[in-house]
Amino acid sequence: MTDPTSNPLTARTIVAFLADIFERRGGEEYLGEPVTMAKHMLQGATLAENANLPEIIVVAALLHDIGHFTSEFGTFRMDDTEDRFHEEAGAQVLEEFFPILVTDCVRYHVAAKRYLCATRPDYFNRLSDASVHSLNLQGGPMSPQEVAEFEQNPNLEQIIQVRYLDDAGKHADMETPDFAHFAPMVQRVVDAHCSA
């Protein structure tokens, strides 16, 4: 990965930086799932776009797992015995250029899984083996106190929405556009945030 400190990112370069990550790292295995990392994120964005969800949700779905590529702790593997906190790594890369709705969806999509496991008992049955394994590393279902605290987030509805898109983006045979299709949308979200 290009070191952002040696070539500082700007609102004009962040989308190209993200496109480069998708190009160079997107073919990597996605946590034991039948799709690559890029396909997983592109599927979530495509599902959001096909459902006519707002652009900001499409972008959040597209970028929710970007921290798997940017975390100094590396990517998750099925033999991991501790969490790598990819959600925080991703949010930190994006937070200067994207609105808090996007960074909250990135930062809390793991918490959303824990929340849904605690509040919707049937949700756990939808999880893949890899998601169950990572859930155990991430603290398991939330406690009642954690649930109450999480429900205070003003972006809760959108975070949950992106979580469901995350879960849905794991189909080996689903065709999607590539990152370039979404790049203008990503740039619009960046421009709107950075000009505000």
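**View 1. The loop between H2 and H3 holds Asn 52**. Asn 52 lies in the loop that joins helix H2 to helix H3, where helices are DSSP runs of H or I with at least four residues, strands are runs of E with at least two, and both are numbered from the N terminus. This residue is exposed, with a relative accessible area of 71%; exposed denotes over 50% relative accessible area, buried under 20% and partly exposed the range in between, with a 1.4 Å probe and protein chains only. Phi of Asn 52 is near 60°, a positive value in a residue other than glycine. The model is predicted: local features need pLDDT of at least 70, side-chain atom pairs count only at pLDDT 80 or more, and totals for chains, interfaces and linings use all residues. Residues are numbered from 1 along each chain as its sequence is written, and side-chain values use heavy atoms, with hydrogens and water left out.

View 2. From the N terminus on, its elements run α-α-α-α-α-α-α-α-α-α-α. Of the 196 residues, 52% are buried. The protein exposes about 9300 Å², and carbon and sulfur atoms supply 51% of that area, as computed by the Shrake-Rupley method with a 1.4 Å probe. Among contacts between residues at least 6 apart in sequence, 71% join residues at least 24 apart; a contact means heavy atoms within 4.5 Å.

**View 3. Helix H3 (residues 55-63) is mostly covered**. Seven of the nine residues of H3 are buried. These are Ile 57, Val 58, Val 59, Ala 60, Ala 61, Leu 62 and Leu 63.

**View 4. Helices H2 (residues 37-50) and H10 (residues 156-168) pack at an angle of about 125°**. Their axes are 8 Å apart; axes are lines fitted to C-alpha atoms, for helices over the stretch in contact, and angles run from 0 to 180 degrees between N-to-C directions. That angle makes H2 oblique to H10, since angles under 35 degrees count as roughly parallel, over 145 as roughly antiparallel, 65 to 115 as roughly perpendicular and the rest as oblique. H2 contributes His 40, Gln 43, Gly 44, Leu 47 and Ala 48 to the contact, and H10 contributes Leu 165, Asp 166 and Ala 168. By class, the contact has four nonpolar, three polar and one charged residues. Ala, Val, Leu, Ile, Met, Phe, Trp, Tyr, Cys and Pro count as nonpolar, Asp, Glu, Lys and Arg as charged, and the others, Gly among them, as polar.

**View 5. Helix H7 (residues 109-119) is largely enclosed by the rest of the structure**. Nine of its eleven residues are buried, namely His 109, Val 110, Ala 111, Ala 112, Lys 113, Arg 114, Tyr 115, Leu 116 and Cys 117. H7 packs against H10 at an angle of about 90°, with the axes 9 Å apart, and is thus roughly perpendicular to H10. His 109, Val 110, Ala 112, Lys 113, Tyr 115 and Leu 116 of H7 meet Leu 156, Ile 159, Ile 160, Arg 163, Tyr 164 and Asp 166 of H10. The residues of this contact divide into eight nonpolar, one polar and three charged.

**View 6. Gly 139 is found in the loop between helix H8 (129-137) and helix H9 (144-150)**. Gly 139 is partly exposed, with a relative accessible area of 49%. The C-alpha atoms of Gly 139 and Val 110 are separated by 9.9 Å, and the two residues are 29 residues apart along the chain.
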